Amino acid sequence: FINYGLIVMTVTHVLTHVFGGVHPAIFSILREEFSLSLQQLGIIAAISPLLQAIVSIPTGLLSDKFGSKRMVLVSLVVALLGALLASQTTNPLMFIVAISIVYLNTTIYHPASYSYTSNLFEGRDRPKALGLHGAGGTLEHAIGPLSVSILIGLLGMEWRQVYLLLGHPCSWA
């Protein structure tokens with residue numbers, strides 16, 4: 001039941017979500033560095049999910065048009081670009097754009113990955129495969145903030161370095 005394709009899809013699912021837990025985990029740092037209010041942080045937190053909602057249907061159509069495998073690769077490139085931009089950001093607006101690009105990656109990824117994973121399996125194995133694939137994304141919701149804690153708290157990295165480091169595996173795809 002577990003095959004190479006499913007392992008690749010699960011790992012890519014982990015990679016697409018790696019950034020989702022980073023910016024909330026560094027809100028206190030962002031608040032201090034950019035002199036942001038809690039209201040401004042709330043807006044930063046809301047913009048990316050709103051963008052995801054707006055582009056969800058078009059990205060599904062793009063997956064149908066260009067193919068799921070190609071769109072999974074596009075999503076990883078988008079994740080890398082967003083991480084690189086986040087690592088270089090110098091102001092809140094630039095950070096919002098970077099985080100929005102990072103979140104856009106997951107919106108591109110999901111329709112394509114579910115289609116690709118579904119096509120790998122038939123019948124009774126499909127729900128198990130989709131469950132394992134989904135677990136990769138859910139696991140990363142925990143690993144993202146934990147990695148921030150380790151990289152910043154224990155290893156003394158700067159938050160920009162965290163984005164740079166976490167974006168590196170996306171470049172392997």
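## Exercises on salt bridges

D125 forms a salt bridge with R124, with 3.8 Å between the closest N and O atoms. The model is predicted.

**Exercise 1.** Find which residue besides R124 pairs with D125, and state what the pairs build together.

Solution.
1. K128 forms a salt bridge with D125, and the closest N and O atoms are 3.0 Å apart.
2. Both K128 and D125 belong to helix 7 (residues 125-154). They are three residues apart, about one turn of the helix.
3. Salt bridges with shared partners therefore join R124, D125 and K128 into one network.

**Exercise 2.** Decide whether R124 and K128 are exposed or partly exposed.

Solution.
1. The cut-off for exposed is over 50% relative accessible area, and partly exposed lies between that and the buried range, which is under 20%.
2. R124 has a relative accessible area of 70%, so R124 is exposed.
3. K128 has 40% relative accessibility, so K128 is partly exposed.

**Exercise 3.** The structure holds three salt bridges. Describe the one formed by R160: name its partner and the helices involved.

Solution.
1. The partner of R160 is E33, and their closest N and O atoms are 2.5 Å apart.
2. R160 lies in helix 8 (residues 159-167), while E33 lies in helix 3 (residues 27-34), so the pair ties together parts that are 127 residues apart in sequence.
3. R160 has a relative accessible area of 23% and is partly exposed.
4. E33, with a relative accessible area of 36%, is partly exposed.

How values were computed
Residues numbered from 1 in each chain as written. Predicted model: local features only at pLDDT ≥ 70, side-chain atom pairs only at ≥ 80, totals over all residues. Heavy atoms only, no water. Salt bridge = Lys/Arg side-chain N within 4 Å of Asp/Glu carboxyl O. Helix = DSSP H or I, 4+ residues; strand = E, 2+ residues; numbered from the N terminus. Buried < 20%, exposed > 50% of the residue type's maximum accessible area, 1.4 Å probe, protein only.
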